[in-house]
Amino acid sequence: MKKKLKALKSPIAFAFFLTSLIACDKDFSTIKSDVLGEGNANFTTGVDTLAVTAYSKKLEALKINNLASNLLGVFDDPAYGQTTASIITQITPATYSPDFGENPIIDEVILTIPYFSTSIGTDNDGTNYKLDSIYGDPSTAFKLTLYRNNYFLKDFNLNSEDNNPQNYYSNAGNTSHSIINETTTVNFDDYIIGANIFEGNAFDAFTPSNEEIVITTGEIDDEVNTRSVPALRGILDNSFWQNAIINASINNPSILSNANSFKDYFRGLYFKVEAINDSAGSMILLNLAANNANITIHYKKGEVGDRIDDSYTLNFSGNILNTFINDFDATLTDGDKDLGDKKLYLKGSEGSMAIVDLFANEAERQNFRNAFLDADENQIKLVNEAHLVIYEDEEMPTNDADANGDAYHKYDRIYAYDVNNNLPLIDTAEGLDPTVNSKNPLFSKIFSLGQRDSISPEIARYKIRITQHINNIIQNDSTNTKIGLVLSNNVNYTANSQILNSNDDVTAVPSASILSPRGTILYGSNESVSKSKRLKLILYFTELKEN
């Protein structure tokens, strides 16, 4: 009777088995066990290092509408150069067909978009906060202006047979804040109505603040303080909103009768960002869909002598787009698919990614499978662990200007995905990676998408576990041999962004890579890279001993 190994296909059993292998050791270790291993009369263990091909891919025209969050600001990556991010957003009334009453006059209009922040304690002045998801030096200002946008953002593509959603794509190689609407380029500077909506020149030099927002109401002897988290908070021009919302709706009530009528009338806002004197600036991630992100119009109504305070709220909803302008020092190009690249360039916000091709061709894939199977396709070798081992380029520039120095890349995470199907690698699933953490992405999926590991002051590396991905190739004859690598600030965010008119194997990228303006440089697989730093696939396996 033939001997064969039975693969661990139960996710729970596999996870338990995996946990026992990894233990607390950061480095690789050979597996020894009473069941499988060198001490067993029937089995032996081994380690193989396999060459793979890895190359860079320049990214262009990425879907940028309806992302989970949006970037705003100016960011200088020390290795790549400057990215400027602006936001175009539709707004919708919180309620329809309002009764503004008699003689409504606006007192104040407040824009509020909360930052991602974390409470770090309290004192006599209130709660102290740390801003999350901020890039660059937050004390370095950029210019922020707010305009009414007159370009209509459609929900559906009227040229498609099935009335598909309308997608909008990045155009970061341009020098203007523009996008591609599948067929034409739209420069939003051409669709501005009127002047800056901010009161005065409030944000000619804008910097995000981590201070708690305190609003005081009431009389001097009866003051009430309302406290809220740090936010982008601005006073808007009263006369603009008086004419655009209150007066316009009184003259034509249908404007505020439903969402479609309002979006056709008021087509949105344009948060335009510009660098100040080519300074580095800073960039921050915003959640315009947050419950407390809005524009609140405070007004008085009623007869003279009997005026009543009231308010009307507009939310950020519908289509929300990010525009990017990349002014890079480095020239990004497609790499060598046959020989692999010496360096791999990972840069977010329409930058660059890397592709790892596990096998050069179909014959090589089949030869690999045959090494683990007998003639009847019974498995005679079991892959216990498979890792892509990737080294960081130690000569990559770091940002000494913001005092991070060599720690600049300390919290970088690499997200790996199945290029064939635009899906997360199966190894990152919760049943296979017990470290999935929905609350803290930095410490989530650290078994499968290893954190940056500084193994010495000069050398840092990443380990990406692809054990089940490899076993699927062996056991199920999977042809998913290409793995995409991007830099991510949230490995839990697994949505994809389509590439416009892609004629390549890569048809989409993880949306999380768009929302990280940062970049890194890694060593590739080309033979010119020293073996100690070359990207490689390491397999730990168990096999039957020959009788």
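Visitor: Let's start with a charged pair: which residue forms a salt bridge with Arg518?

Guide: Keep in mind that this is a predicted model. In it, the closest N and O atoms of the pair are 3.1 Å apart, and a salt bridge needs a distance within 4 Å. The partner of Arg518 is Asp412.

Visitor: How many residues apart in sequence are the parts that this pair ties together?

Guide: Arg518 lies in the loop between helix 6 (511–514) and strand 31 (519–523). Asp412 sits in the loop between strand 23 and strand 24 (413–418). So the pair ties together parts of the chain whose separation in sequence is 106 residues.

Visitor: Are Arg518 and Asp412 buried or exposed?

Guide: Buried means under 20% relative accessible area, and exposed means over 50%. Both Arg518 and Asp412 come out as buried.

Visitor: What about Lys300 and Asp107: how far apart in the chain are they?

Guide: These two form a salt bridge as well, with their closest N and O atoms 2.8 Å apart. Lys300 belongs to strand 19 (residues 294–301) and Asp107 to strand 5 (residues 105–114). That pair links distant parts of the chain, 193 residues apart.

Visitor: Why does Lys300 count as partly exposed?

Guide: Partly exposed is the range between the buried limit of 20% and the exposed limit of 50%. Lys300 counts as partly exposed because its relative accessible area is 30%.

Visitor: Now to helix 4: which of its residues are buried, and on how wide an arc do they lie?

Guide: The buried residues of helix 4 (residues 362–370) are Arg365, Phe368 and Arg369. They sit on the same side of helix 4, because around the axis they cover an arc of only 100°.

Visitor: Which elements do those buried residues pack against?

Guide: Packing here goes by contact, meaning heavy atoms within 4.5 Å. By that test, the buried residues of helix 4 pack against strand 1 (43–50), helix 5 (467–476) and strand 32 (536–544).

Visitor: Which residue caps the N-terminal end of helix 4?

Guide: Look for a side-chain oxygen that lies 3.2 Å from the backbone nitrogen of Ala363. The residue that carries this oxygen, and so caps the helix, is Asn361.

Visitor: Which strands are at the edges of the open sheet of five strands?

Guide: The order of the sheet is 1-32-23-27-26, with antiparallel pairing. An edge strand pairs on one side only, and here the edge strands are strand 1 and strand 26.

Visitor: Which residue stands opposite Ala460?

Guide: Strand 26 pairs with strand 27 (residues 460–465) in the antiparallel sense, over two bridges. Ala460 is in strand 27, and the residue opposite is Ser454.

Visitor: What angle does helix 5 make with strand 23?

Guide: Helix 5 packs on the sheet, where it touches strand 23 (381–391), strand 27 and strand 32. Its direction and that of strand 23 make an angle of about 130°.

Visitor: Last one: is Lys445 buried or exposed?

Guide: Lys445 is found in the loop between strand 25 (423–424) and strand 26 (453–454). Its phi is near 55°, a positive value in a residue other than glycine. At 8% relative accessibility it is under the 20% limit, so Lys445 counts as buried.

Conventions:
Residues numbered from 1 in each chain as written. Predicted model: local features only at pLDDT ≥ 70, side-chain atom pairs only at ≥ 80, totals over all residues. Heavy atoms only, no water. Helix = DSSP H or I, 4+ residues; strand = E, 2+ residues; numbered from the N terminus. Buried < 20%, exposed > 50% of the residue type's maximum accessible area, 1.4 Å probe, protein only. Arc of directions from axis to C-beta. Polar contact = N/O pair within 3.5 Å; in protein donor to acceptor, adjacent residues only side chain to side chain. Pairing = 2+ DSSP bridges. Axes fitted to C-alpha atoms, helices over the stretch in contact; angles between N-to-C directions. Salt bridge = Lys/Arg side-chain N within 4 Å of Asp/Glu carboxyl O.
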